[in-house]
Amino acid sequence: MTTAASIAADIRTKRTSAEAVARRTLDTLAAVEPKLKSYISVFTNGPRSAIEQAMAIDARIAKGEDVGPLAGVPIALKDNLCLDWGTTTCGSNMLRSYESPYTATAVQRLVDAGAVIVGKTNLDEYAMGSSTEHSCFGPSFNPWDVARVPGGSSGGSAATVAARVVPIALGSDTGGSIRQPASFCGIVGVKPTYGRVSRYGLVAYASSLDQIGPLTTTVEDAALTLQTLCGHDPRDSTSTKRVTPEFLAELERPIENLRLAVPKQAKSSANHPDVARVLDETIAAYRAMGAEVVECDLPLIDHGIAAYYIVAPAEASSNLARLDGIRYGHRAALAKGEDLFDLYCKSRAQGFGPEVQRRIMLGTHVLSSGYYDAYYNTALKVRRKIKDDFDRVFATCHAVLMPAAPSPAFKVGEKTGDPLAMYLEDVYTVTINLAGLPAMSVPAGFSTAHAGAAALPIGMQLVSAAFDEARMLRIARMLEKATKAGERAPSW
Amino acid sequence: MSADAEKTLSAEYVRKIAALSRLALTDAQVEQYRGQLSGVLGYVQRLRELNLEGVEPLANVGGETNRMDDDVPGPTLSNEALMKISPESMPPFVKVPKVFGDGGGA
């Protein structure tokens, strides 16, 4: 598989057909899927199969139509993005057979640009998790080492892109769910500024934090996808009216007098030694390109997780209240004498897995009478301070550089028994969602292979000021060219 | 921050939160969540270390505020489409257990 940019160019100029690309994609998918389990549904047959979609694109090209910048490019969607055909499960028994009556704006934009949807990818239930182990369909696996997790919650999307099945997959990022799996799988993952991409049709987890974004193998493909994804949508009241910049226009031009800030908190002794090394190597690589790299202070990084695990569950407990077994989703059978209250309680107990139940209860507790100020309001004050701290850094620096995750991919089952240990995976990503900033993970290096352990990819994270994605992508492109870490594909 | 989370939550309190959350839990689940929720709530107490005096809470990080729409009806999902996704229906209605009287009245 090559990049989305080259596939679209080859299809537009008829060097190949969308159908041929779709057939090859489904073949690759079928070969690797038994090991990766990255999909919940694959569009192999029927009137909306990937091949039928592709043939429709070819027919339009044959008629001389302009089919768009993603003409015939196979893509995968995280299964919390609504599509008006097939199921949208969110990895949950609650929505196991839910067929959305409408399509997410972000998805429609990709379809309108000519993309071919291959399938819906696995995720932690309702996007709550950092390993894709909390899915009612079972875990997905990392193509670099199938004994390890692909990260999460967009783990299926990251695994299938890393395995070179599709060049683009959409994910969603509430506390790191695009960037951490991108780091674990050695690919590029972008969380845009809050408001940049419409959330209409993204099943809500924590509405003030959620953003949709691309997972790709190259920075160029990320820019190409963002160009299509971004833009105002009247159906999302938080969607920005700002004009979307031309992300590709100056992508190849390095930033002159680049100034990067590395938070001293990101040089934590809790980092895996290989992550610490790759951070040092990345700093050295930028310096070698003439950049100035300074240390900055983001004192609340260590408090970000605490604030996040108040704000996100609070919003989740409200958002998921709509799943009551009445209008859609799982409805429990009632015994004689049981009433409406029992219907709610039994449907939700049967429909939601343990991680979702935990977060609903956490949210219910922190919002309950008498605790609101102590928890939620306190977390919102911390949120303000986190944003102010970042803004102070961006007054003098172009971007913040830090790891995307404190360790490379961990083993399947390693953290499932201890929710708090899993939450701490998000230490470098959650503050960015709380501040609403754009950030991305870029492949930057590998762990040291030793007996019994393969070399695993490690991503570095760039964070920029709100709506400064164009410059962030250029800074990422500089690193990509310098390290070539993203060119290595898993060999398996 | 309140003192409750400094110790382990009681099973009774977890049951109360579960009821507010509309979750029917078994005793084993109550026991498991009791420990896990206490752990997380204990962890978030670290926010108490911070001096937050005079800090304005931040709920909305987007720039968009109070966007007004024209008061004009637009296209919406059809009753037929919504009936198709409801777990039990008698079109054009969704069926629910009795709300009042025998077997109802939660």
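Predicted model: local features only at pLDDT ≥ 70, side-chain atom pairs only at ≥ 80, totals over all residues.
Me: How many residues of chain A and of chain B are in contact?

Reply: In this model, 71 residues of chain A touch 55 residues of chain B, in the sense of being in contact.

Me: What area do chain A and chain B bury between them?

Reply: The size of an interface is often given as the accessible area lost when the parts come together. Here chain A and chain B bury about 5300 Å² between them, and 70% of that area lies on carbon and sulfur atoms.

Me: Which residues of chain A lose the most area to chain B?

Reply: They are A:Arg331, A:Met361 and A:Arg384, which together account for 12% of what the chain A side buries. A:Arg331 also forms a salt bridge with B:Glu88, in which the closest N and O atoms are 2.9 Å apart.

Me: At what angle do helix 4 and helix 7 of chain A pack?

Reply: Helix 4 (residues 105-112) and helix 7 (residues 219-229) of chain A pack at about 110°, their axes being 8 Å apart. Because angles of 65 to 115 degrees count as roughly perpendicular, helix 4 of chain A is roughly perpendicular to helix 7 of chain A. The crossing of these two helices is right-handed.

Me: Which residues make the contact between helix 4 and helix 7 of chain A?

Reply: Helix 4 of chain A contributes A:Ala106, A:Arg109 and A:Leu110, while helix 7 of chain A contributes A:Thr225, A:Thr228 and A:Leu229. By class, this contact has three nonpolar, two polar and one charged residues.

Conventions: Residues numbered from 1 in each chain as written. Chains lettered and ligands numbered in written order. Heavy atoms only, no water. Axes fitted to C-alpha atoms, helices over the stretch in contact; angles between N-to-C directions. Helix = DSSP H or I, 4+ residues; strand = E, 2+ residues; numbered from the N terminus. Parallel < 35°, antiparallel > 145°, perpendicular 65-115°, else oblique. Left-handed = near helix turned anticlockwise from the far one by under 90°. Contact = heavy atoms within 4.5 Å. Nonpolar A, V, L, I, M, F, W, Y, C, P; charged D, E, K, R; others polar. Buried area = accessible area lost by both parts, 1.4 Å probe. Salt bridge = Lys/Arg side-chain N within 4 Å of Asp/Glu carboxyl O.
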